[in-house]
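Visitor: Hello! Could you walk me through this structure, one question at a time?

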Amino acid sequence: MNPQSAVPESDIAESPVIIRLTDITKSFPGIVANDSISLDIKRGEVHCLLGENGAGKSTLISVLAGLQQPDSGTIEVNGRPTVIGSPNVSMSQGIGVVYQHSALIPSLTVLENLMLSDSDNFWLDKAGATARLHELGELLGAEIDPDMQAGDLGLGQQQQVEIAKAMWKGSEVLILDEPTSMLTPQAIDNLVASVNRLKAEGLAVIFISHKLHEAYAIGDTVTVLRGGKVSGRIDPAEMHAMSEEESKARILEAMFGTNPEAISSDEAEAAGLVVEEQRRQIPADAPVVVQLSDLNTTSRSGEIPITDVNLKIHAGEIVGIAGIDGHGQQHLAEAIAGQLSPTSGAVTLDSKNITKLKVKARQHLGVRYVTDDRLHEGIVGTFSVALNLVLKKVGESPFWKFGRMDKAAVLGEAHQQIADYEIRTPSEQTRAGTLSGGNIQKILLARELSHDPRAVIFHKPTYGLDLKTVYRVRETVRDFARSGGAALLISTDLDELAELSDRIVVISNGRLIGEIPNDGNRVTERVGELMVGSKTDLARTGVAHEHE
Amino acid sequence: MIPFFSDAFLTAFVVAALASAIPVMLAAIGETVGEQSGVLNLGIEGLLLIGGYFGFVATIVTGSFWLGFLIGALASIILSSILMALSVLLGLNQIVVGIGITLAGTGVSSVLYDFSYGSSKPRLGLDAPWTIPFLSDIPVIGPSLFAQPGMFYVSMLLALVTSIWLYRTTSGLRLRSAGQKPSSLDAAGGNVAVTRSLAVLFGGAMSGLGGAYLALISAGTFTPGMTHGMGFLAIVIAMLARGRLLWVLLISLIYGLFVAMGTVLQLTSLNIPNDVVTIMPFIAVMIVLTFFARRSALPAALAIPYVRGAR
């Protein structure tokens, strides 16, 4: 990450306030999302907004973006009290927002996505838009092909387009909501470089994150939210005076409300404070549980298939799959789970060829898949929690007897699982779709990890979850490996991969292009380098090593 | 019997093909605009019939074809405002509401017709054609393409203008984005509900014009249920064309050609049952479907009500 502070801290302290929030309060039924939050955003500063999921960051952004109206409190823009009643007002006040979830329309070109904001033009002004994109591209230090379909761009580039879109009408304030969550370290470097260039131009950047080291590396000012309130604030001068450790300790205290000593290890670890202990050694003679040999698939509807995939997963091992989203991870997971038939190659489980077996047969042998699409593929939202927990056992004993569901057995199982996995649900009969993402993920884990799992694919298991559930899920993955299972962890979060995996294999365009043993030596950087395609020679040697 | 492949025959053939193609094309343009904005309008069949009936009545009463088209369009706008209110503004299921509109339009137009003209069964005269100087003197295509009623040229112009609107203007881009990812339009400062509402009303107007064209120009009269599934055909055409109006025009013309061919077959001495002739255009469209339907890519947010902030 780049060194910070193009503008000296003393200048920021004196630079004019662009946005002043005073006592912003916003409640939703049953929860006060923002509880009298006051905030100054100054010209030429990067203002980091930190907090756990549910701390009120998103609501605050919605208020600034004009998507939500505060119940009370005032907003001043350049000294004038302003009611931001709609996204249009927000934009005309010079506030540009880049949301965590892409707001680009994948089927439209980059230029079309950008021209969407030109509501004043009757005719689409392609020439004008191309020129403006070029201008913003120079400012951001990014080169973007205006005629590419937005969905075909890499995530880093998509984000640059989103920033260009947010700045299309000359924004003074740029809000970036968790901008690094899906990016490779290299893309993050580019992003940080862009942010610093914008800062040098005198823009204010609000940078929302839950990663401490990012806040320290990029932020001039840090504001921490907890339970809808401002629970901590570090000024530029203080920030400058503090070491990274001191600032992290301050921020953690603000995020979790206790002094650092009292923070439970899970919270600290989830926030990235504690460096995970070195990976335990997998015994050299650990049996191979899953073996993929020259596996190929074909694409049905545009997603990238896998090509010549060779991979071994040993007992007790967690193999991480790193790669840019949509580079064949889906097919890899489904080919192992049995949801997708390979066109050639073989899948073996404990030396038994299971290539021809269907999902159910593989389930019985212990092959399980925790899907990334937990809301749609993972559960049936309108079914009860109990039914979802036995969803893959429909028609089988002991839950079904003579074709009839044994209600007592199902509820008993549900009761046990809810307790074991601490699934927070009003009852076993509650519809699963009404639960939070974290609890839905726990249902999936409970279901897939029960009844003798042997090999489990975890596909983005912590994506979009709150910190505590993230910790819980990661611990579950570790426990499974410790108990001798073979785990395949597919993730776009490199920190997560580095924390959990014994080795990390990089997938690109459906091919496994390299492997990094998790030896604690610049692992995320090395994986990131592989992902962006440089250092491919190093990658090859890594692969050769594996197949010796 | 008319000798085949004479100039007069070919002219009549092209005129017949266009007479069948234009109503479908107009309805399919309306449906396209609706679908691109994210609203699946299954009420087209009913809208065609309502537009046809009221257009017919207006022309009978006033004697003016233009007034007929205007009233037909207005009637269908009013009927489609039900879809706008229930599905766009209140978020009810578009399929249910659309089918309801089809049933209502079919039923209401039949009842009104039987009540007012059921016994007299009046017919309209021919609309005076606009004869384009010089071009109309070309053999075959002159009299068939360049001596058509004014509404024919207006229809072609509407297809062109709609295409330019969708792909060359900012409001067209915003309309398409409402069908792809309404939250993006919302974040860009657009109003999804207004965009979709206007698209639905536009679709109503186009269907009304299509229905009126069918009654006033193609048939010269109104008969209950005269569309025979043409509205659903228009929906299919819109889906196949994926928002490209040139395709809408071409598939509509294929349909028109087969209808005209059916008419020709009836004129020959070949003894083909009437039913076979009637279903020919639909079989043609089904063949087109089997080849191209797999390519139909619908807007991502089609038929999904937009609620700000919902996941």
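Predicted model: local features only at pLDDT ≥ 70, side-chain atom pairs only at ≥ 80, totals over all residues.

Visitor: How many nonpolar residues does the contact of α2(B) with α10(B) have?

Guide: Let's sort the residues that meet there by class. The contact of α2(B) with α10(B) has 1 charged residue and 1 polar residue. The nonpolar ones number 6.

Visitor: In which kind of crossing does α2(B) pass α10(B)?

Guide: This one concerns the handedness of the pair. As α2(B) passes α10(B), the crossing is right-handed.

**A residue in a loop**

Visitor: Where in chain B is Thr223(B) found?

Guide: Look between two helices of chain B. α9 covers 192-219 and α10 covers 230-241, and Thr223(B) is in the loop between them.

Visitor: How far apart in space are Thr223(B) and Leu49(B)?

Guide: In sequence, 174 residues separate Thr223(B) and Leu49(B). From C-alpha to C-alpha, the distance between Thr223(B) and Leu49(B) is 9.2 Å.

**Two helices of chain A**

Visitor: Are α5(A) and α6(A) roughly parallel or roughly perpendicular?

Guide: Helix α5 of chain A spans residues 126-140 and α6 of chain A spans residues 155-166; their axes are 10 Å apart, at an angle of about 115°. Angles of 65 to 115 degrees share one label. That is why α5(A) and α6(A) are roughly perpendicular.

Visitor: Which residues of α6(A) make the contact with α5(A)?

Guide: From α5(A) come Leu133(A), Leu136(A) and Leu140(A). By class, this contact of α5(A) with α6(A) holds 5 nonpolar residues, 1 polar and no charged. On the α6(A) side, the residues are Gln160(A), Ile163(A) and Ala164(A).

**Where the chains touch**

Visitor: How many residues does the contact take from chain B?

Guide: Both chains take part, and chain A gives 19 residues. Chain B gives 17.

Visitor: How many polar residues are on the side of chain B that touches chain A?

Guide: α7 (170-180) and α8 (182-187) of chain B each supply at least two residues of that side. The side of chain B that touches chain A has 4 nonpolar and 5 charged residues. Its polar residues number 8.

**Chain A and confidence**

Visitor: How many strands does chain A have?

Guide: Chain A has 548 residues, and buried ones make up 50% of them. Its secondary structure includes 21 helices. The strands number 22.

Visitor: What is the mean pLDDT of chain B?

Guide: For chain A, the average pLDDT is 82, with 88% of residues scoring at least 70. Over residues 1-7 of chain A the pLDDT is below 50, and over residues 534-548 it stays under 50. In chain B, 95% of residues reach 70 or more, and the mean pLDDT is 89.

Key. Residues numbered from 1 in each chain as written. Chains lettered and ligands numbered in written order. pLDDT = per-residue confidence, 0-100. Contact = placed C-beta atoms within 7 Å. Helix = DSSP H or I, 4+ residues; strand = E, 2+ residues; numbered from the N terminus. Axes fitted to C-alpha atoms, helices over the stretch in contact; angles between N-to-C directions. Parallel < 35°, antiparallel > 145°, perpendicular 65-115°, else oblique. Nonpolar A, V, L, I, M, F, W, Y, C, P; charged D, E, K, R; others polar. Buried ≥ 20, exposed ≤ 12 C-beta atoms within 10 Å, placed from the backbone. Left-handed = near helix turned anticlockwise from the far one by under 90°.
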